[in-house]
Amino acid sequence: MDPIIFERSNGEQPINVTFVDCPNFLEYSDVAEQLYSSYARITESTDVLIVRAPVDRSINDIDLELDNMQPFSNRFPRASIHLLSSSDFSISISKNCNANAIRDFCDEVTSADFVEWLRESELRYYAVRSSALLSTPDNFSFHIPSGRCVRNFLRVGSIQLERRTLDAVFFWLLPFLRNCDGILTETWSISSIALNAARLLERYAANINVRCRVDMLSTYHDGSALLDQQMEVPFQRVCVGNGAVVVLISAVMTGRSLSNLQEYLTKLYPHKEVRFVAIYKLSDSVQIDALCNFFGYAGAPNFEYIDRPPLGTHVVTVDSKTYFPLAVKENSVGLSPSCSKPNRPFFDKFAGTKALTLHRDSFDSFNLLFRHHGIYVDVEAMLNVPSFRASLLDLAASLSESPALLITPPHNAGDLMARLLTAEFKSRYDKEPRVLSHPDLGPSLDAESRALIRSLDENQALVILDDVSVTGKRLSRYQLHLRSQELDFKGRIHYWIGVARPESQRQWADRVMHLSYRIGYPKPEQHSVVSLETVTLPDWTHKTCPWCVEIQHLGRIIDEAGIQSGTERLIKDRLRLLMSVHEAEGLSNDAIWCLSEERPKLTPNSLIMDDTNALESDVISAVAAALHHLRSIPNTGNRLGSAYPFPTLVGIDDHLGQKFNDMLLRLAIIRSSQRKELTRWDDSEEERRRERVRELLLLPEAVGIWPELALNILDRKLPPPVLSEHEQGILSSHPAGGLLWWAIQSISK
Amino acid sequence: MPLTLRIGKDASLGALEDKILQIAHHGRGPSTVWLAADTQKYFFEETRIASLLATAARAGPLTIVDWSGGEDSDRAKSRFRTTPDGLAAVVYSGDLRTVKSGNVDFEGRDLVATVIDQGGLAEARPSEIGKNAPTSSLTICAFDDQQPEPLVFAGIYDLARFISKIQTLRRSHFEVGIGAGYAGRIGGEADRQLAIFIYELYQNTYFHGRRDSRHAIIKPGMRYIRLKRHIGVRQSQFTEKASGFTELQEYMEKTVPPKGQFAFWEVTVSDHGIGIVDRFLATRPEYRSEASTYEGRVTLANRIINEALSSNLSLSGAGYGIRNALAASDKLRGFTSVRSGDLWLYHSSVTTKDTPWLNPVSVSGQLGRSAGTQFSMLFPLSEQYT
């Protein structure tokens with residue numbers, strides 16, 4: 001029941017939409033509780049909550065249904081809450097059922113345009129999140145069943161990862177299923193979708209006792225006479241009833257296969273009502289009803305055919321029956337000066353200052369947990385660096401007078417920045433701005449502050465000051481509320497950010513564009529967005545933070561019997577550190593689980609940073625940034641993490657070889673990489689890694705890092721090596737070796 | 001003058017409340033608490049003693065005298081190693097001694113560290129010690145700021161894992177003998193709602209129950225989830241265990257048959273912070289006028305845990321778990337007691353069923369302000385009642 005979070009841009013101000021299913025085995029109250037208990041942090045900025053009723057129910061009394069949705073209003077007291085449901089095969093969204101919503105989005109949400117947007121957003125989400133969307137690097141192309149070559153291919157069958165995807169397709173198909181008693185799919189690879197649709201249809205229309213037959217074609221229909229014959233039998237089987245037949249097409253690009261099907265089926269059963277529906281439509285050139293248009297929006301993949309692949313292009317054939325590519329081409333990349341270059345100035349400037357710590361929580365000024373950060377950027381520590389502090393104070397000079405108001409989120413770094421700037425404004429303009437500390441300027445804002453903001457006119461400016469921005473969503477919340485009827489602020493907003501640390505530069509550019517937008521004003525008078533430092537970092541939350549993952553592994557080990565007491569002590573000591581340090585100073589020189597007094601260090605002339613006194617947290621952050629850069633470059637064949645069938649992986653020599661003398665760099669690479677970026681598809685390459693791991697752990701100097709290696713094996717980032725009895729004995733005689741041996745055995749099982 | 005309090009074996013909840021009031025009246029200053037062994041005669045007794053010790057320690061230096069009478073230091077050590085009130089004595093006292101043999105010396109590793117390593121206290125009832133004997137209680141402890149998360153919760157960062165862990169612990173410790181098959185009998189939904197509520201309460205101890213009015217962590221501090229089983233063979237045993245708590249006695253009379261073996265399981269979630277209402281007011285001072293009277297605080301406490309009144313400005317919607325929990329408690333024929341600050345509230349599936357509301361417990365006179373919040377719930381384990 002994972003909610004899906006969308007951001008809908010309605011021209012000027014994005015709204016946050018949370019979309020959640022209520023499956024037929026849960027009550028609305030259960031969904032509300034689960035949503036609140038497990039997803040409170042990611043859904044806290046929800047403007048609109050859309051709840052989809054159980055898809056197999058036709059809901060006739062919508063008011064009665066809305067009465068049951070009170071638990072959502074309890075848990076999301078600020079959101080505009082709506083029910084997405086169907087009644088007699090028609091889909092609609094209800095009015096808002098939360099009387100206390102900050103803003104009622106009824107007009108927007110109940111429009112046909114919103115329903116269409118939601119349908120397409122959901123189905124695109126499933127395609128992108130699964131491995132359905134296959135893309136090639138520059139020098140490759142797919143040869144697809146239609147006989148053409150493409151750079152991007154959508155294997156729709158791969159979206160069938162879980163029940164809710166199947167149910168979602170059924171729901172959106174409902175308008176096409178009225179009076180339908182047969183479904184034929186153009187490929188067996190989407191058969192689960194069709195079988196589920198038939199099953200749910202029988203429940204949905206139980207009052208008319210419909211029986212829906214399902215059949216499927218076994219291969220791509222290229223118009224050959226032989227395939228016509230093969231198609232006849234399945235089609236006859238779904239045409240037994242008197243109702244209409246839906247022919248479900250996985251994806252349509254040029255419509256060649258579609259027209260072959262249409263022509264043949266019309267000839268075979270001229271009087272039968274046959275409805276052709278595509279799940280995904282990949283171009284505008286074909287006339288067919290489709291659930292999701294996978295084109296015509298910013299960032300849409302290009303599904304156009306390549307008439308002549310350039311010379312030297314490698315072509316991978318997609319099988320016409322399974323729709324899987326018939327070959328896998330594995331590629332390796334590694335750390336290089338070019339991938340560390342974009343962020344290197346930042347790390348050179350702040351190494352050793354404790355500006356970067358790991359596995360650390362952030363808190364608001366009430367000391368309430370805000371969120372967990374795998375990599376924590378500490379602006380309070382950065383303000384001890386003179387050049388950074390000077391840059392902050394220089395911002396005051398960019399304005400011609402003191403702003404009317406300085407707004408900060410309620411946290412210590414915000415308070416500190418506000419104090420410094422207030423003093424600077426005072427010295428420059430002999431006037432201090434009033435400082436307001438509030439998380440979002442929402443309903444909890446006191447009446448006095450509300451009146452103050454309302455009293456400001458369009459010629460006045462205010463500054464929103466934030467220490468660190470990851471996605472910019474918090475800044476957008478300020479903007480949303482400043483524009484609301486309650487505050488109705490018409491003046492200019494300056495967003496000043498200590499460190500912008502987006503996951504991608506493009507994401508940040510989009511956010512800046514939205515934040516800068518000021519209706520009816522020329523460019524120089526638009527809102528401004530300034531970040532003192534910008535660094536691209538992965539945004540590890542508590543689910544992806546490598547040290548939170550470590551806690552899970554260690555927690556699992558101590559739950560199991562058979563650990564030697566020395567090893568258990570080792571694990572518990574580490575757990576005690578990891579389970580307390582996150583709410584204090586985070587990890588810095590203890591991020592790598594190393595037992596040696598002589599911890600791995602950076603040697604001079606590193607390609608990551610200059611400072612050989614850099615903390616482990618600096619090195620790991622810098623390596624994580626470099627790897628993240630490799631994940632976000634254009635896909636020329638070297639983009640790290642590119643998916644099947646062209647996986648691009650971290651080179652074996654980078655993390656298990658001699659490319660880097662520094663053990664710290666190798667361990668940082670493994671900590672910062674995802675499992676899928678390290679594991680080889682090619683068995684012989686994976687065996688090579690296995691042997692490298694064995695060689696590494698048997699080095700005398702590796703004893704100190706045995707726990708770290710054990711973790712990497714438990715996390716399946718490294719393959720468990722095969723050890724001789726003698727080698728096992730060496731391990732078993734040492735508590736850390738005991739852990740390593742336990743990990744090897746556990747994974748080898 | 002230092003305050004001296006004697007907590008004997010037969011200290012009922014009422015007697016303990018008197019002592020908490022004494023601490024309040026005494027004001028700031030040192031105190032000495034004589035603590036008898038085997039203080040498990042009454043429901044929620046150890047929990048209330050732990051809170052009393054925290055209250056005394058917040059008022060000034062605290063000396064604890066183990067009042068077990070003899071020179072058996074092993075017995076004294078064992079007592080402090082195995083009960084929450086004993087552990088609270090270790091955490092909160094600056095001076096811990098036996099009557100005759102001086103300071104209790106915990107050799108080797110620090111006791112708190114040992115409890116942390118063990119994942120909590122698992123206490124066996126002496127009569128039941130033996131092969132496969134179930135423990136009578138299990139206390140999962142967190143210590144501020146030494147170990148804010150118990151190791152037993154390593155890697156449990158979401159509700160689903162927490163529910164699974166709590167249910168596994170209960171199953172392995174209590175669902176044997178008379179409690180066998182309990183989980184199957186009560187039905188998954190009520191059980192789940194209850195686990196969700198325990199999760200929320202535990203989260204609240206983490207977010208609020210360890211912080212003072214200025215939002216700083218109160219050190220030293222102790223928070224815990226306690227699972228405990230109560231077995232008896234006559235109704236009178238249970239009503240006697242509820243002495244000093246009229247509403248609980250009434251519940252026992254209407255729930256426990258006059259004769260025959262009967263059992264309850266108890267879950268307590270406790271912290272030693274500043275209490276629900278004061279903590280809320282620390283972040284939401286605009287509600288202060290509503291809390292000027294006892295009745296006002298009762299109403300506000302109910303609103304805090306019943307409505308979407310959140311002390312977290314950026315995260316609304318908190319607090320609604322209680323409504324579902326009380327409904328689940330009614331379904332499981334349970335009883336709830338909440339002691340927080342100067343409030344003592346209850347909900348009974350017998351007398352206040354189907355109301356999402358916590359009512360004030362009838363006490364003679366005033367209640368003292370005790371440290372923290374103790375949320376305790378009792379549920380029949382016996383087959384005919386589930």
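Modeller: Between domain 1 of chain B and domain 2 of chain B, nine residue pairs are in polar contact, both residues at pLDDT 80 or more. This is a predicted model, in which local features need pLDDT of at least 70, side-chain atom pairs count only at pLDDT 80 or more, and totals for chains, interfaces and linings use all residues. Residues are numbered from 1 along each chain as its sequence is written, chains are lettered from A in the order in which they are written, and side-chain values use heavy atoms, without hydrogens and water.

Biologist: What makes a pair a polar contact?

Modeller: A pair of N or O atoms within 3.5 Å; within protein, one must be able to donate a hydrogen and the other to accept it, and residues adjacent in sequence count only if both atoms are side-chain atoms.

Biologist: Which helix gives the most to the side of domain 1 of chain B that touches domain 2 of chain B?

Modeller: α2(B), with eight residues. Helices here are DSSP runs (H or I, at least four residues), numbered from the N terminus.

Biologist: Where do the two domains of chain B lie?

Modeller: Domain 1 spans 3-106 and domain 2 spans 119-380. These bounds come from an automatic or database domain assignment.

Biologist: Why is the pair B:Arg226 and B:Glu46 called a salt bridge?

Modeller: The rule asks for a side-chain nitrogen of Lys or Arg within 4 Å of a carboxyl oxygen of Asp or Glu. The closest N and O atoms of B:Arg226 and B:Glu46 are 2.5 Å apart, so the pair meets the rule. The count between the two domains is three salt bridges.

Biologist: How many salt bridges does the rule find between chain B and chain A?

Modeller: Two. In a salt bridge between A:Glu583 and B:Arg210, N to O is 2.6 Å. That pair therefore passes as well.

Biologist: How many residues of chain B are in contact with chain A?

Modeller: 47 residues of chain B, with 38 residues of chain A. Contact means heavy atoms within 4.5 Å.

Biologist: What is the buried area of chain B and chain A?

Modeller: About 3700 Å², 52% of it on carbon and sulfur atoms. Buried area is the accessible area (1.4 Å probe) that two parts lose on being put together, summed over both. Domain 1 of chain B and domain 2 of chain B bury about 2800 Å², 62% of it on carbon and sulfur atoms. B:Phe43, B:Phe44 and B:Thr47 supply 26% of the area that domain 1 buries against domain 2.

Technical notes:
Helix = DSSP H or I, 4+ residues; strand = E, 2+ residues; numbered from the N terminus.
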